[in-house]
Amino acid sequence: MSNQSVVIKSNKQGLIVVLDEKTDWESLKRDVAEKFHASAKFFGNAQMALCFQGRRLSFAEEQELVETISANCQIQVVCIVDENEATENAMRQALERQRQKEEGDLMNLQDGRFYKGTLRSGQVLESETSIVILGDVNPGARVVSKGNVIVLGTLKGNVYVGASGNESAFVAALSMDPMQIRIGDVIARSSDSQPAKSLRKKKTEDTPKIAFVEDGNIYIEPITKEVLNDINL
Amino acid sequence: MSEVIVITSGKGGVGKTTSTANIGTGLAKLGKSVVMIDTDIGLRNLDVVMGLENRIVYNLVDVVEGNCRMKQALIKDKRYSNLYLLPSAQTRDKTAVNPEQMKKLIEELRPEFDYILLDCPAGIEQGFKNAIAAADRALIVTTPEVSAIRDADRIIGLLEANDIHQINLIVNRLRMDMVKRGDMMSIEDVIDILAIDLIGAVPDDEHIVIATNQGEPLAGDSSLAGTAYMNICKRILGEEVPLMNLEASNGFFAKIAKLFK
């Protein structure tokens, strides 16, 4: 004869045990023991959160029930969740906010802004979105962007793209000679071995270059069709 | 026991940073563990002169504000493994740090190093006060020019008022040919005015300009300035080193002679 004083439901996180309000405490406990004993094989030794519904329980009663459950099957009770619609809603909202934020970040990568002027030593340009700089970035200056950075000039300073940890961000410059580049969590610095360069402005055939991460390393390559094809926005 | 030395001048452009870089390198070459601290917040240079600019991730202000650990901010020199640089911040100004914080920072470094060199900014404001806060002794850099000597004199007064009494003089950018013609003050004239002990004189040497631009300090190499800086380092260690003949290679014949060496 199936008794309806105890009903076990499950959701993603664990079990909801619906208790009958009217049944007296001792027989309720016995029913709980029976129910869990019967399903012991099915539950195995899974870890789950428990939630009691349908009846107001004191702390001592809750403990008693958990003990009864543990005694009759192998499941490990991780925590007891208060049945509360408000908290559940709050959790759902927090999750949704997080999701929206991630979508927003994605928007930032697509969005951009322009900056006109030369960034000099000690100046910092920070942006939530991608940046196009119409000018040079001098040594000692710093550009930080959550998206990408394009310098229509010479990049000689520090640049940090994908500042929220996005390793698919890139840096492009007409003339690429940076002090340090950081893409997501990967950092590269300029090499030390400068072959006895004269201090006079070396007028080399500067080609536009792009820096990106591949296999955890930063590569700087001339901008060609092949390289651009590999860039994901 | 470590010694904290501040390198200062009052006037700008007389060679504080160049001297710091070369003395730090020289001391490291002599086997001492050395850390150089650039206290010129907002106008850092020591990293450029040392050729370590591209390695900077964290700086002095980050350490003081607790954004990173000391070990993360110290940059190991590329030539000597017992030489370190604590770079200054470029995007902040002198008020980002106060003398108390500098003292604490230097106390943290004291057990780790034989020598702590502080590259002082020009001027006598906050940056200067930060730099001298924890110093045991001072090296005054001056050129044989009236204006530089005026400022050096004022600095010596301020150092004495701050209880730093071991003060030595470096006369930088000396041109013996001009001294001989009577167009430039001699070392003796400078000492006469400032009345502190000389620890070395460095000739005006184009090798210094080249070395500074390349980020390769020349202390200890065969150039005149390199030898002069090495002598200063030895004197810091307490050795008796006679003053070198600064004229040696200023003449045409000396240059020829050097070619045949």
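## Terms and model

Helices (H or I, at least four residues) and strands (E, at least two) are DSSP runs, numbered from the N terminus. By that definition, chain B has twelve helices and eight strands. The radius of gyration of chain B, taken over C-alpha atoms, is 18 Å, close to the 18 Å that the globule rule gives for 261 residues, so chain B is as compact as a globular protein of that length. The globule rule is 2.2 Å times the number of residues to the power 0.38.

This is a predicted model, in which local features need pLDDT of at least 70, side-chain atom pairs count only at pLDDT 80 or more, and totals for chains, interfaces and linings use all residues. Residues are numbered from 1 along each chain as its sequence is written, while chains are lettered from A and ligands numbered from 1 in the order in which they are written.

## Chain B as a whole

Taken along the principal axes, the C-alpha atoms of chain B fill a box of roughly 55 × 40 × 35 Å. Of the 261 residues in chain B, 48% are buried. A residue is buried if 20 or more other C-beta atoms lie within 10 Å of its own, exposed if 12 or fewer, and partly exposed in between, with C-beta atoms placed from the backbone.

Two residues are in contact if their C-beta atoms, placed from the backbone, lie within 7 Å. Among the contacts in chain B with a separation of 6 or more, 75% are between residues 24 or more positions apart.

## The sheet of chain B

Strands of a sheet pair through backbone hydrogen bonds, either parallel or antiparallel. Here two strands count as paired if DSSP finds at least two bridges between them. In chain B, eight strands form an open sheet with mixed pairing, in the order 3-4-2-5-1-6-7-8. Strand 3 (75–76) and strand 8 (197–203) of chain B stand at the edges, each with a single partner strand, so one side of each has no neighbour in the sheet.

Strand 2 (residues 34–38) and strand 4 (residues 83–86) of chain B run parallel and are joined by four bridges. B:Ile37 has B:Leu86 in strand 4 of chain B as its bridge partner.

Helix 1 (residues 16–29) of chain B has 14 residues, which should span 20 Å at 1.5 Å a residue, and its end C-alpha atoms are 20 Å apart, which agrees. The expected span is 1.5 Å times one less than the number of residues. Helix 1 of chain B is mostly covered, with 13 of its 14 residues buried. B:Gly31 follows helix 1 of chain B and has a positive phi, near 95°.

The loop between strand 1 (3–8) and helix 1 of chain B holds B:Ser9. B:Ser9 is buried, with 25 other C-beta atoms within 10 Å. Leaving aside neighbours within four places in sequence, the contacts of B:Ser9 include B:Val14, B:Lys16, B:Ala122 and B:Asp151. B:Ser9 and B:Ala122 are 113 residues apart along the chain, and their C-alpha atoms are separated by 6.8 Å.

Most residues other than glycine have a negative phi. B:Asp163, in the loop between helix 7 (146–161) and strand 7 (166–174) of chain B, has a positive phi near 70°. B:Asp163 is exposed, with 8 other C-beta atoms within 10 Å.

B:Ala195 also has a positive phi, near 50°. B:Ala195 lies in the loop between helix 9 (187–194) and strand 8 of chain B, and is exposed, with 9 other C-beta atoms within 10 Å.

Chain A is divided into domain 1 (6–83) and domain 2 (108–229), with bounds from an automatic or database domain assignment. The centres of these domains, taken over C-alpha atoms, are 59 Å apart. Strand 14 (residues 209–214) of chain A has five of its six residues buried, so the strand is largely enclosed by the rest of the structure.

Strand 14 of chain A runs antiparallel to strand 11 (residues 171–176) of chain A, with three bridges, and A:Ala172 stands opposite A:Ile210. Six bridges join strand 14 of chain A to strand 15 (residues 217–222) of chain A, also antiparallel. Nine residues of chain B are in contact with twelve residues of chain A. The side of chain B that touches chain A has no nonpolar, six polar and three charged residues; Ala, Val, Leu, Ile, Met, Phe, Trp, Tyr, Cys and Pro count as nonpolar, Asp, Glu, Lys and Arg as charged, and the others, Gly among them, as polar.
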